[in-house]
Amino acid sequence: MTDPTILVLSSLAGGDKHGYAMMEDVERFAGVRLGPGTLYGAITRLEERGWIAPVKSEDRRQPYTITGAGREHLHEQLGNLGRIVRAGQRRLGDA
Amino acid sequence: MKRILKFLARLYPSAWRNRYAAEFEALLEDRTPRARDAFDVLIGALTMQMTTLSFVRITLASCVFGLLAALAISFAVPPKYVSQALILVDVSADGAGHPISNASQNDIDAMLRNTLEEVLSRSSLVPIMQKYNLYSNESAAAPSDAAIIQMRKSISIESVRSASSSPGLPGFIVYFTYPDPHIAQQVDGDLVSLFAQANLRRRIASVSGDGPPQPGETFSVLDAPNLPQKPSFPKRGLFGAGGLLVGLIGGVVVAAIMGWRRRLTAAAD
């Protein structure tokens, strides 16, 4: 649930953001405070795989956007997580 | 803290820095830094270095690390110096000083064993240990059993035999190992004296009929205890070679695992 790549993709699914905005957003919706090294490790991997892309900007703060492949991947991952969450809740309810 | 974070950001690979350094520094400026951010950036930099390094560079880096770590350990461990003295055993006379035929090697070995037992006895070692304050615990009045065992382990004897079958002058070398070279030399000198005294007592007992018949050896010190110039342990060359080897093996294993993980990730994508 705290995989930084999923958190970054989820953040960008709500709109383009630069690094600091992503950190603030992730902390707000997931309660996870990503460190700078962790965040940029995730950004590097996501960009390499083509799931996010930089948006043209004159500012040093580089904004990123989620790509179509990134949305597809996020859908798939959230679907998997959803199944796990539902199964867990169901079993807790049965107990 | 921001300065530290910016310094740590320089540990990222240059290719990564060319692409991300400006925005990463902008992020570090925007954010209120915390102590754990430094650890996070350091781990991020090391991870990025490892994922971008080639097989050869990972192996080389591991070799250098292994070498430096081994050398650092070799400087950290206490050194050991060995002083040695050569004692010749003259078997040309019996207990009364009369010439005899050459005593058998078994006789000499048995004599050496008996003498060594006497030298290594608690009553022989304790005065030396107290004299030089060896392995001492300041609060203890007498050396502990553990200290005496340690002292015994520091003493060793090596037989020296004539190369030919003709009668020669067999002897033995008395070694003493200690962290201080001067003390090692002095203690070795005292041990040599103990050997000579023990031998003299046995010969007197043999002549007076109180002891078993002895082949009549006399001890003479050919080489007095030396002052060791270099430690016998650690051998820095050996340590370095060992560190290099461990680093090489570790580097190859790490590089192979990382290559395997990269291939798995590429296949998953």
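Visitor: Why is the contact between Asp190(B) and Lys131(B) called a salt bridge?

Guide: A salt bridge needs a side-chain nitrogen of Lys or Arg within 4 Å of a carboxyl oxygen of Asp or Glu. In this predicted model, the N to O distance between Asp190(B) and Lys131(B) is 3.0 Å, so the pair is a salt bridge. The pair links distant parts of the chain: Asp190(B) lies in helix α8 (residues 181-207) of chain B and Lys131(B) in helix α6 (residues 122-132), 59 residues apart. Helices are DSSP runs of H or I with at least four residues, strands are E runs of at least two, and both are numbered from the N terminus.

Visitor: What are the ground rules for the model and its numbering?

Guide: The model is predicted: local features need pLDDT of at least 70, side-chain atom pairs count only at pLDDT 80 or more, and totals for chains, interfaces and linings use all residues. Residues are numbered from 1 along each chain as its sequence is written, chains are lettered from A and ligands numbered from 1 in the order in which they are written, and side-chain values use heavy atoms, leaving out hydrogens and water.

Visitor: Are Asp190(B) and Lys131(B) buried or exposed?

Guide: Buried means under 20% relative accessible area, exposed means over 50%, and partly exposed lies in between (1.4 Å probe, protein chains only). Asp190(B) has 18%, so Asp190(B) is buried. Lys131(B) has 55%, so Lys131(B) is exposed.

Visitor: Why does Asp30(B) count as partly exposed?

Guide: Asp30(B) has 24% relative accessibility, so the label is partly exposed. Arg61(A), at 31%, counts as partly exposed too.

Visitor: What makes Phe233(B) and Phe239(B) an edge-to-face pair?

Guide: Rings of Phe, Tyr and Trp (its six-membered ring) pair if their centres lie within 6.5 Å; planes under 30 degrees apart count as stacked, over 60 as edge-to-face and the rest as tilted. The search of the whole structure finds 12 aromatic pairs over all chains. The centres of Phe233(B) and Phe239(B) are 5.9 Å apart and their planes are at 70°, so this pair is edge-to-face. Phe233(B) is partly exposed at 35%, and Phe239(B) is partly exposed at 22%.

Visitor: Why is the charged end of Lys80(B) said to sit over the ring of Phe233(B)?

Guide: A charge sits over a ring if NZ of Lys or CZ of Arg is within 6 Å of the ring centre and within 35 degrees of the ring normal. The charged end of Lys80(B) is 5.6 Å from the centre of the Phe233(B) ring. Likewise, the charged end of Arg19(B) sits over the ring of Tyr20(B), 4.3 Å from its centre. Tyr20(B) belongs to one aromatic cluster with Tyr40(A), Tyr12(B), Trp16(B) and Phe24(B).

Visitor: Which residues does Asn226(B) touch?

Guide: Contact means heavy atoms within 4.5 Å. Asn226(B) touches Val82(B), Ser83(B), Gln84(B) and Gln185(B), not counting residues up to four places away in sequence. Asn226(B) is found in the loop between β4 (218-223) and α9 of chain B. With a relative accessible area of 31%, Asn226(B) is partly exposed.

Visitor: How many helices and strands are there in chain B?

Guide: Chain B has nine helices and four strands. Of its 269 residues, 36% are buried.
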